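Biologist: I have a chain open here and want to go through it with you. Can we take it piece by piece?

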Amino acid sequence: MLVDKAGKVTGLVIGVGGFLGAGEKDVIVPYTAVKSQKKDDKWWLTLDETKDSLKAAPGFKYDRASTTWTPENK
């Protein structure tokens, strides 16, 4: 979860692509794009996105020095 200085959740970091963590990249989706849905008496978070659109989204890396997420440079 990405939280602003006021404590409001602004986005979610999601790992996409790869296999068992190899080749995976992190993308950020706005929190407003996330919906909750109840199925089989359990709550799930869903997105109206395809796997391909998430794989095509720009990747981000966490920079420990500045404690922020920065765009990946490829």
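Biologist: Which residue stands opposite Trp44 of β5?
Modeller: Gln37 does. Keep in mind that this is a predicted model.

Biologist: And what is the bridge partner of Ser36 in β5?
Modeller: Leu45 is the partner of Ser36 there.

Biologist: In which sense do β4 and β5 pair, parallel or antiparallel?
Modeller: Antiparallel, over six bridges. Strand β4 covers residues 34–39, and β5 covers residues 42–47.

Biologist: How many residues sit between β4 and β5?
Modeller: Two, and the strands form a hairpin. Asp40 is in the turn and has a positive phi of about 55 degrees.

Biologist: What about side chains along a strand, in general?
Modeller: In a regular strand they alternate between the two faces of the sheet.

Biologist: Switching to charges. How many salt bridges are there?
Modeller: The count comes to two. One of them joins Asp48 and Lys35, with the closest N and O atoms 3.2 Å apart.

Biologist: Where do Asp48 and Lys35 lie?
Modeller: Asp48 is in the loop between β5 and α1 (51–56), while Lys35 belongs to strand β4. The pair therefore ties together parts that are 13 residues apart in sequence.

Biologist: Is that pair buried or exposed?
Modeller: Asp48 is exposed, at a relative accessible area of 63%. Lys35 is partly exposed, at 41%.

Biologist: Which side chains make the salt bridge at 3.6 Å?
Modeller: Lys61 and Glu72, with that distance taken N to O. Lys61 lies in strand β6 (residues 60–63) and Glu72 in the segment after β7 (68–71), so this pair ties together parts eleven residues apart in sequence. Lys61 counts as partly exposed, with 48% relative accessibility.

Biologist: Why would such side chains pair at all?
Modeller: Side chains of opposite charge can pair when their charged atoms come close.

Biologist: How many positive and negative side chains does the chain have?
Modeller: There are 12 positive and 10 negative ones. The centres of the two sets lie 1 Å apart.

Biologist: Back to the start of the chain. Where is Val3 found, and what does Val3 touch?
Modeller: Val3 is in strand β1 (residues 2–3). Leaving aside residues up to four places away in sequence, Val3 touches Lys8, Val9 and Thr10.

Biologist: And how far apart are Val3 and Tyr31?
Modeller: They are 10.0 Å apart in space, C-alpha to C-alpha, and 28 residues apart in sequence.

Biologist: Now the whole chain. What pattern does it follow along the sequence?
Modeller: The order is β-β-β-β-β-α-β-β. That is one helix and seven strands.

Biologist: What box do the C-alpha atoms fill?
Modeller: Roughly 40 × 35 × 20 Å along the principal axes.

Biologist: What share of the residues is buried, and what is the accessible surface?
Modeller: Of 74 residues, 15% count as buried. The accessible surface comes to about 6100 Å², with 54% of it belonging to carbon and sulfur atoms.

Biologist: Last one: what share of the contacts join residues at least 24 apart?
Modeller: 25%, among contacts between residues at least 6 apart in sequence.

Key:
Residues numbered from 1 in each chain as written. Predicted model: local features only at pLDDT ≥ 70, side-chain atom pairs only at ≥ 80, totals over all residues. Heavy atoms only, no water. Pairing = 2+ DSSP bridges. Helix = DSSP H or I, 4+ residues; strand = E, 2+ residues; numbered from the N terminus. Buried < 20%, exposed > 50% of the residue type's maximum accessible area, 1.4 Å probe, protein only. Contact = heavy atoms within 4.5 Å. Areas by Shrake-Rupley, 256 points an atom, 1.4 Å probe, with all protein chains shown as cover. Lys, Arg positive; Asp, Glu negative; His and termini not counted. Charge placed at Lys NZ, Arg CZ, Asp CG, Glu CD. Salt bridge = Lys/Arg side-chain N within 4 Å of Asp/Glu carboxyl O.
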